[in-house]
Amino acid sequence: SAVLAGLITLIVKTVPRHHHGKPPPDNYTLALHKALMFFNAQRSGKLPKHNNVSWRGNSCLRDGKSDPGTTMKDLVGGYYDAGDAIKFNFPASFAMTMLSWSVIEYSAKYEAAGELNHVKEIIKWGTDYLLKTFNNSADTIDKIAAQVGVGDTSGGSTTPNDHYCWMRPEDIDYPRPVYECHSCSDLAAEMAAALAAASIVFKDNKAYSQKLVHGARTVFQFARDQRGRYSAGGSDPALFYNSSSYWDEFVWGGAWLYYATGNSSYLQLATHPKLAKHAGAFWGGPDYGVLSWDNKLAGAQVLLSRLRLFLSPGYPYEEILRTFHNQTSIVMCSFLPVFTSFNRTKGGLIQLNHGRPQPLQYVVNAAFLAALYSDYLDAADTPGWYCGPNFYSTDVLREFAKTQMDYILGKNPRKMSYVVGFGNHYSKHVHHRGASIPKNKIRYNCKGGWKWRDSKKPNPNTLVGAMVAGPDKHDGFHDVRTNYNYTEPTLAGNAGLVAALVALSGDKSTGIDKNTIFSAVPPMFPTPPPPPAPWKP
């Protein structure tokens, strides 16, 4: 019996065991790790210990202080916008709003990818800076620092500034003026959206979350009281991030503040028919349904459709929420190949900006909205939606998001990945000062760096995770550093990229987090009246 027992033990020990290990991570998860690193490379100010971008260091530590004309003396921190060292609040705020939205919906997917803490650090770096750009302890304000640095080189100006010079941000020695605005509804309402969305991300950190909510309320009030576009004619932002109107930010900022506070006055505002009308909710136009740093209407409509799908608040909001829901359905239809609202390139990339340059930033936002909306419908046990008489399954939306993201990651006629460091074939001449100048202890001055800008050699530093501006309408791409329409990445573009990647990453069955966004929202229905007293004959 001892021999038998020994034999059995031997057999059991030697039979190979099948360990069901984790499947290898999918492309979207792999690209997500990289896409987030771009934000580390764009950090301004004093860098945190584990920034993990070897060629970056502390930079622009005198922002605010160095401009005698501004009252805001500490504007250190935040993010550089693109391949330059300008800090534009408008697109940076939108980038933070998008990242926060993606975390609120998909925190489980970030967790599964091991990136939840990283993305939250990225958001906090952005919101900490936004809180510095206005008096965040006050209840009312009369100005915001909208931008640090200047990019205007028109008229052959040779004054050293952030676009004329080609220097590592660490070496900048030219003045960095602060642009303050006193009526900037679009900017202030977008900042309110960013701070409000982040307050939900950080709801477990009570003190910080409340600070964000207070800041959001303050800037939103300022947006409503002092009407005006932040990029009024002739200002520096008008050249680079010109805002077409502030009505869409009112709807978007109002929706986020409602979710952050549960205060119904914000919902009343966000669902006010006049506001929706001014924001363009009822008329088409070639850019209808395209979410971008300038126009948030499509995003706001998806965000408010969420309220109708899961909480169904009824009167007095139902009519406009139903409209937003219908408009969202129409926008989702317009993304499908059967409809001709938007052309596609031969390689299959949707032309949301109608063949104009820098298309990818719009594509990633659309892919995020499509994947997210299909997850909303799944979570609401709705198998699909109607486009006219035809019913389409939610899988069709996911498929749209996937084909577009796959194109960006390398399934395109040039077999080119438009995310730096992903795949084998990607842009080696990204339009980016820090990445193109070697970190070799030599300080190149304003024009001294031009030779690196114009060099035909690949960048000495890899800007991991940067999504370049993208191909042209013929699927063509020129990997040339000076051609920013092909090779320049931006904060807003990468935020959409991250959001779309996380939405498609990992296990589809994970889906969205249905309830976190509603944490502050009070019960929708008034409490029923008490039952009548028992009848006594």
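## A colleague's note on the fold

1. Let's start with one covalent link. The disulfide between Cys 165 and Cys 446 is left-handed, with -90 degrees about the S-S bond. The two sulfur atoms of Cys 165 and Cys 446 sit 2.1 Å from each other. Cys 165 belongs to the loop between β2 and β3, while Cys 446 belongs to the loop between α15 (433–436) and α16 (450–454), so this pair ties together parts that are 281 residues apart in sequence. In total, the structure holds 3 disulfides. Please keep in mind as you read that this is a predicted model.

2. Next, look at the sheet that has β2 and β3 in it. What is the order of its strands? It runs β1-β2-β3, an open sheet of 3 strands with antiparallel pairing. The edges are β1 (87–88) and β3 (178–181), each of which pairs on one side only. Between β1 and β2 (residues 144–148), which run antiparallel, there are 2 bridges. To find this pairing on your screen, pick Lys 87: Val 148 in β2 stands opposite.

3. Strand β4 (residues 384–387) and strand β5 (residues 390–393) run antiparallel and are joined by 4 bridges. Together β4 and β5 make a hairpin with 2 residues between them, and Gly 388 in the turn has a positive phi of about 60 degrees.

4. Now to the helices. Two packed helices are described by the angle between their axes and the distance between the axes. For helix α2 (residues 27–41) and helix α18 (residues 491–504), the axes come within 9 Å and cross at roughly 155 degrees. An angle over 145 degrees counts as roughly antiparallel, and α2 and α18 are therefore roughly antiparallel to each other. Their crossing is left-handed. On the α2 side, the contact is made by Tyr 28, Ala 31, Leu 32, Ala 35, Leu 36, Phe 38 and Phe 39; on the α18 side, the residues include Leu 491, Asn 494, Val 498 and Leu 504. By class, this contact of α2 with α18 has 14 nonpolar residues, 1 polar residue and no charged ones.

5. Helix α18 also packs with another helix. Helix α14 (residues 394–408) packs with α18 at an angle of about 125 degrees, and their axes are 11 Å apart. That angle makes α14 oblique to α18. The crossing of α14 and α18 is left-handed. Which residues make the contact? From α14 they are Arg 398, Ala 401, Lys 402 and Met 405, and from α18 they are Leu 497, Ala 500, Leu 501, Ala 503 and Leu 504. Sorted by class, the contact of α14 with α18 has 7 nonpolar, no polar and 2 charged residues.

6. A further helix pair is worth a look. Helix α5 (residues 185–201) and helix α8 (residues 247–261) have axes 8 Å apart and pack at an angle of about 25 degrees. That makes α5 roughly parallel to α8, since angles under 35 degrees count that way. In passing α8, α5 makes a left-handed crossing. Among the α5 residues that meet α8 are Ser 185, Asp 186, Glu 190 and several alanines, including Ala 189, Ala 192 and Ala 193. By class, the contact of α5 with α8 has 12 nonpolar, 3 polar and 3 charged residues.

7. Finally, here are two backbone details in loops. Tyr 315 and Pro 316 are joined by a cis peptide bond, with omega about 0 degrees. You can find Pro 316 in the loop between α11 (297–310) and α12 (318–334). Where does His 354 lie? His 354 is in the loop between α12 and α13 (360–379). The phi of His 354 is near 55 degrees, a positive value in a residue other than glycine.

How values were computed: Residues are numbered from 1 along each chain as its sequence is written. This is a predicted model: local features need pLDDT of at least 70, side-chain atom pairs count only at pLDDT 80 or more; totals for chains, interfaces and linings use all residues. Side-chain values use heavy atoms; hydrogens and water are left out. Axes are lines fitted to C-alpha atoms, for helices over the stretch in contact, and angles run from 0 to 180 degrees between N-to-C directions. Angles under 35 degrees count as roughly parallel, over 145 as roughly antiparallel, 65 to 115 as roughly perpendicular and the rest as oblique. A crossing is left-handed if the near helix is turned anticlockwise from the far one by less than a right angle, and right-handed if clockwise. Contact means heavy atoms within 4.5 Å. Ala, Val, Leu, Ile, Met, Phe, Trp, Tyr, Cys and Pro count as nonpolar, Asp, Glu, Lys and Arg as charged, and the others, Gly among them, as polar. Two strands pair if DSSP finds at least two bridges between them. A disulfide is a pair of cysteine sulfur atoms within 2.5 Å.
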